[in-house]
Amino acid sequence: MRRVSIIQGENHVSGEPDVVISTLLGSCVAVCLQDPVNRVGGMNHFLLGEPGKDDMVHHRDMARYGVHAMELLINELMRRGGIRSQLRAHLYGGANIIAGLGSIGSSNAAFARRFMETEGIAIGHCDLGGTQARKVEFVPYEGKARSRSVAEIPKIIAAPVILASNDGDLELF
Amino acid sequence: MPAAAAIKVMVVDDQTSMRAMIRRTLQDLGFKDIRDKAGPVEALGAIRADRVHLIISDYNMPDMDGLQFLEEVRKDPVIGKTVFIMLTGSADREIVQKAAVLGVNNYVVKPFSAAALKEKIERVFGELT
């Protein structure tokens, strides 16, 4: 099997039978989506649900937020032939493992469940919450995912930072 | 320069969560009259029945994409001059160029921040506050 590892803010989509996508989660959440008819699936990994009202976040950090990470994953799945109404989700992560981070994990888990409910995406397997880090593996072609607890605490790569806005380099107007 | 509160907006995106987020962002910017629809067909009906000043539309939608929607708006003699801002993905350079030819007023690359959306709206309407 070809292994593709993703970190927060990333996603990977594949329809190849020999690909396994993996990630390491603490308070972050990974959503695995698959269209079982067209055999295409993908996983994302996000740090927080939504940006706060006063957060100014650099363009490149926006995919660390669930609302944008989900959009990117769904769009890529649709681009690769997935049908939105056929998507099924497996949800992982959202642990409260780091002292001082409060209940960020629980908030992320709640965001993921709420998102699927709002968007009408069926939830298959779900392993959210708790206090331990997880390693998640997903075979997008099969739609099969599994998670196991690990002792390793995933490194949080610098939280979204306050910077000037940036929205692409094509200046037409 | 109209204040945000005086601008009627239609948000069009097939993803409910994204519509809700854009709505909250617009409310934070001072917009009061915000409508939203899940697709261009519904939106066209609503806009023709009750005109708006600004359309903010996703590009990537299942039944009619953002470019087709823009084309429909621009060829309509009644709503043809409505300000149209398109939301695109970062790799959609070609789409932005096509949208410019069709008469889009501006574009915002997804994922976007509140500041980016504000800046693009202000480039068309002037300062919002």
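Gln15(B) sits in the loop between strand 1 and helix 1 of chain B, with helices (H or I, at least four residues) and strands (E, at least two) taken as DSSP runs numbered from the N terminus. The model is a predicted one, so local features need pLDDT of at least 70 and side-chain atom pairs count only at pLDDT 80 or more, while totals for chains, interfaces and linings use all residues. Residues are numbered from 1 along each chain as its sequence is written, chains are lettered from A and ligands numbered from 1 in the order in which they are written, and side-chain values use heavy atoms, with hydrogens and water left out.

Gln15(B) counts as buried because its relative accessibility is 2%; buried means under 20% relative accessible area, exposed over 50%, and partly exposed in between (1.4 Å probe, protein chains only). Setting aside neighbours within four places in sequence, Gln15(B) touches Val67(A), Met70(A), Glu71(A), Ile74(A), Arg84(A), Phe115(A) and Glu119(A), where contact means heavy atoms within 4.5 Å.

Helix 1 of chain B covers residues 16-28, 13 residues in total, and spans 18 Å from its first C-alpha to its last, close to the expected 18 Å. That expectation is 1.5 Å times one less than the number of residues. Among the buried residues of helix 1 of chain B are Ser17(B), Met18(B), Met21(B), Ile22(B) and Thr25(B). Just past this helix, Gly30(B) adopts a positive phi of about 105°.

Chain B also has an open sheet of 5 strands, ordered 2-1-3-4-5 with parallel pairing; two strands pair if DSSP finds at least two bridges between them. Strand 2 (34-37) and strand 5 (106-110) of chain B each have a single partner strand, so one side of each lacks a neighbour in the sheet. On average, neighbouring strands here are turned by 20° against each other, direction ignored; axes are lines fitted to C-alpha atoms, for helices over the stretch in contact, and angles run from 0 to 180 degrees between N-to-C directions. Strand 1 (residues 9-12) and strand 2 of chain B pair in parallel over 4 bridges, and Val11(B) stands opposite Asp36(B) of strand 2. Helix 2 (residues 40-49) of chain B lies across strands 1, 2 and 3 (54-58) of that chain, at about 165° to strand 1.

Over in chain A, 4 strands make an open sheet in the order 1-3-8-9, with mixed pairing. Its edges are strand 1 (2-5) and strand 9 (144-150) of chain A, each pairing on one side only. Strand 1 of chain A runs parallel to strand 3 (residues 19-25) of chain A, joined by 4 bridges, and Val4(A) faces Ile21(A) across this pair.
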